[in-house]
Structure formats: C-alpha cells, structure tokens
Amino acid sequence: MDLRYTDEELAFRDDVRAFLKENLSEDIRRKLVDGEHMDKDDLVAWSRILNAKGWAVPHWPQEHGGTGWDPMRQYIFLEETQKWPAPQPLAFGVNMVGPVIYTFGNAEQKAKYLPRIANLDDWWCQGFSEPGAGSDLASLKTRAVREGDHYIINGQKTWTTLAQYADWIFCLVRTNPEAKKQEGISFLLIDMKTPGIEVRPIVTIDGGREINEVFFTDVKVPVENLVGEENKGWDYAKFLLGNERTNIARVGMSKQRIARIRELAGKEMSSGRPLIEDERFLEKLTAVEIELKALELTQLRVVAADAKRGKTGRPDPASSILKIKGSEIQQATTWLLMQVMGPHALPYHEHGIDGSNEPPIEPDYAATAAPTYFNFRKVSIYGGSNEIQKNIIAKAVLGL
C-alpha cells in the first residue's frame, strides 16, 4: 500500500496552507499555540469563515454542504488545520450529531438542523454520560415517557462539555425500560431553552469550567425531535462514537505540540546547555515522535481502507486503535511540555514566580503548561475509555 501523497494531494495541501495563512487571524492562532482556551466568539467567527469557503463540514456528503473530498483530502485538511494550528470545528455538531442526522434523520430534520450546524448558528452539546453510566453507557437511566405528541424527560447527564454555551443537546434516553438495556434507548434532539433544564458547572482541576451536569425535570420534547426509530438509539450512538474515536487521534495537533516542545527546549537551559541537547530528555522526545509516526501511518491505512470500502454508514473498528494511541500520545506531549517548563509551569502565576532567578522563557505559555497537562489527563477516558476500546479491538479486530 503506497501511503505517499500524490502530486495533486501535495498541491491541495499547499492550497489549505495558503488559505490558513490568509484567513486565520494571528490573535486566534496565538491563543492555540500558547495553549490558551478559545473564546466562543473566536470559534464562531472561524467556523463562518470556513462555511463561506465551503469547508466547514468537509466530510459531509455534498448534498448536505460537504466538499466532495475523498478521504485522503479530508485527512490532509484535518492534519494541516491542527498543525497550523487553527480552531477545530465544534465536534458535537460537525462530527457527532450532524452525521447522525444526515444518515438517520428525516428530510425535515436535515433541512432544519444541518445548515445551522455548518454555520455554527446553533451550539450543540452531547448528553450521553450519566452518574453510573459512563463506560457502561447502555446502563443510562434518563427516562423519556411519551404523552401524545411529546416525550416527558426526567434524569441527569454529566461531564457535558460546554453545555453552558449550548442551544441544543442531543441525548440518549430510555424509552422502553422493559427491553434489554441496549434495545430500549432512543436518540432525541432537545432545545436547551426548554423549561425544566438546569445546567450546573463542574470546576476541573485546572480551574476551568469546561464540563457540566445537566438536569431534566419534566422536560417536554416534541416527538418530531426523535431521530430515526424509537428504541434504536443505541445503533446511532455506536455510529456517532466510531466517528468521534477516529477524529480523536489528533495527529496534526501532536505534531504541532512536538514542534513547540523542540522550540522551547532549544531556549530553556539545563546544566549550562539547551535542554534539547540533554540526552535523557531527547531520548524521551524521540520515543514519542516514533510513536506518533506509527500512529500517523496507522491512520493513513484506515483512511485508505475507508476510500476503498466507500460509505457504509459503519465506522471501522480500527478507529479504536487510533483513539487509544492518539490519546496516549497527547498525554505524553503535555508531560514533555511540563518537563521543559519546569517550575515555570506552575499555573496562574500572573506576575511571575517569586524567588526565581530568571523570568520564564515563554511567560504566556508557562502560565498554561500545567493546566494543559491536567486537562489532557481526561482524553484517555472520553469518547469511550481506553480500556473499553481494547475490548472492542479484541473482539472486532482480532476476533478473540
């Protein structure tokens, strides 16, 4: 299998790089380079620039606003935007609920929601995990009882990322408590302004408010907001999670971070010489780079297989491999950043570190190194914990 880019693909890559250089503001790019949190307005502005270009949802079918790019061009675009770096689209809309709607939704749902997702007119969040139903998601207890033309929703979701901004939430709810746990679940789209919904923040270890609890008390949802068939939501959830695990590899992001590590390690001094010349540090960095190259080749194989297989509506179970290694490498790179910054990585020292002999090499970046490290501890859990992914690989890939 030849995984090298063709001349046409190289030309496409150059076009993407030129577009990023001309259209992404340096202020937004600098936030990403320095590990700062993006503002909602930044992501909305960039999403609309992409949408005006026709690149907001490149992997969607053309009839729903997609580009018509083959899987390799989609991969190149994703890698280049992560390496630049540029803001990634709001995954809950573009990569998760959008593909579920255009694959399983009805014509009215496609016409209503898909254009607004592409332009980020609606901010979506994901209502899957619950207390006691995380890795064993099928044990969820949030109930949806049909009364005429509506469902009445009662229950709780947790770890709901960016729910404080959300206009809509897509939820897995139990519509048949008598069926086997995977067979009694439905997929609902719920307006966050509906009476009875309460969002409570969960403050993370890095001091941020990225995740939330969402409570539903007698929330009235129109039956027309059901995606696909009642009690078939588990099938749609598996489809969605397969897409999430493929995108979570973030090869381009890890490449950008390694380049940043090398840059900073060339400035930071250790025992009278740049840290990048320290044999033990360089050995650790090189080991991660080798792992990343192996992950990149694995992802290219998955992309090439997708191109040959065509659109089946079913994700490749090998996406679980990408999720496991991608998350492990992301965690390894944040750890290396901590090694580079040393004591300067202590978070939230706005005016520098008292008692230090020298200011940090990169004061803005040093203030975010530790929060970034803490935040990335979770990537091996969300999207399906790595332990669960290993079970999927054993069963679906190795046939054990």
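Phe-77 is buried, with a relative accessible area of 7%, where buried stands for under 20% relative accessible area, exposed for over 50% and partly exposed for values in between (1.4 Å probe, protein chains only). The model is predicted, so local features need pLDDT of at least 70 and side-chain atom pairs count only at pLDDT 80 or more, whereas totals for chains, interfaces and linings use all residues. Residues are numbered from 1 along each chain as its sequence is written, and side-chain values use heavy atoms, with hydrogens and water left out.

**Aromatic pairs**

- Rings of Phe, Tyr and Trp (its six-membered ring) pair if their centres lie within 6.5 Å, with planes under 30 degrees apart counted as stacked, over 60 as edge-to-face and the rest as tilted; by this rule the count comes to 17 aromatic pairs.
- Trp-55 and Phe-77 form an edge-to-face pair, at 5.6 Å centre to centre and with 80 degrees between the planes.
- This pair links distant parts of the chain, since Trp-55 lies in the loop between helix H3 (40-53) and H4 while Phe-77 lies in helix H4, 22 residues apart; helices here are DSSP runs (H or I, at least four residues) and strands likewise (E, at least two), numbered from the N terminus.
- Trp-55 also counts as buried, at 12% relative accessibility.
- Tyr-113 and Trp-168 form another edge-to-face pair, at 5.3 Å centre to centre with 80 degrees between the planes, and it links Tyr-113 in helix H6 (residues 107-118) with Trp-168 in strand S4 (residues 168-174), 55 residues apart.
- Tyr-113 is buried at 2% relative accessibility, and Trp-168 is buried at 10%.
- Ring pairs join Phe-12, Phe-19, Trp-46, Trp-55, Trp-69 and Phe-77 into a cluster.

**Charges over rings**

- A charge sits over a ring if NZ of Lys or CZ of Arg is within 6 Å of the ring centre and within 35 degrees of the ring normal; Arg-73 lies over the face of Phe-12 in this way, at 5.8 Å from the ring centre.
- Arg-257 lies over the face of Phe-376, at 4.5 Å from the ring centre.

**Gln-82 in helix H4**

- Gln-82 belongs to helix H4 (residues 71-83) and is buried, with a relative accessible area of 6%.
- Its side chain makes polar contacts (pairs of N or O atoms within 3.5 Å; within protein, one must be able to donate a hydrogen and the other to accept it, and residues adjacent in sequence count only if both atoms are side-chain atoms), reaching the backbone nitrogen of Gly-252 at 3.0 Å and that of Met-253 at 3.2 Å.
- Leaving aside neighbours within four places in sequence, Gln-82 is in contact (heavy atoms within 4.5 Å) with residues including Gln-88, Arg-250, Val-251 and Gln-256.

**Nonpolar cores and strands**

- A nonpolar core is a set of buried Ala, Val, Leu, Ile, Met, Phe, Trp, Tyr and Cys residues joined through side-chain atoms within 4.5 Å; the largest has 56 residues, and those with the most contacts inside it are Ile-153, Phe-170, Phe-187, Leu-189 and Ile-190.
- Helix H5 (residues 91-104) gives the most to this core, with seven residues.
- A second, separate core of 39 residues includes Val-16, Leu-50, Met-72 and Ala-265.
- Strand S5 (residues 185-191) is largely enclosed by the rest of the structure, because six of its seven residues are buried.
- Seven bridges join S4 to S5, which run antiparallel, pairing of two strands requiring that DSSP find at least two bridges between them; Val-173 stands opposite Ser-186 in S5.
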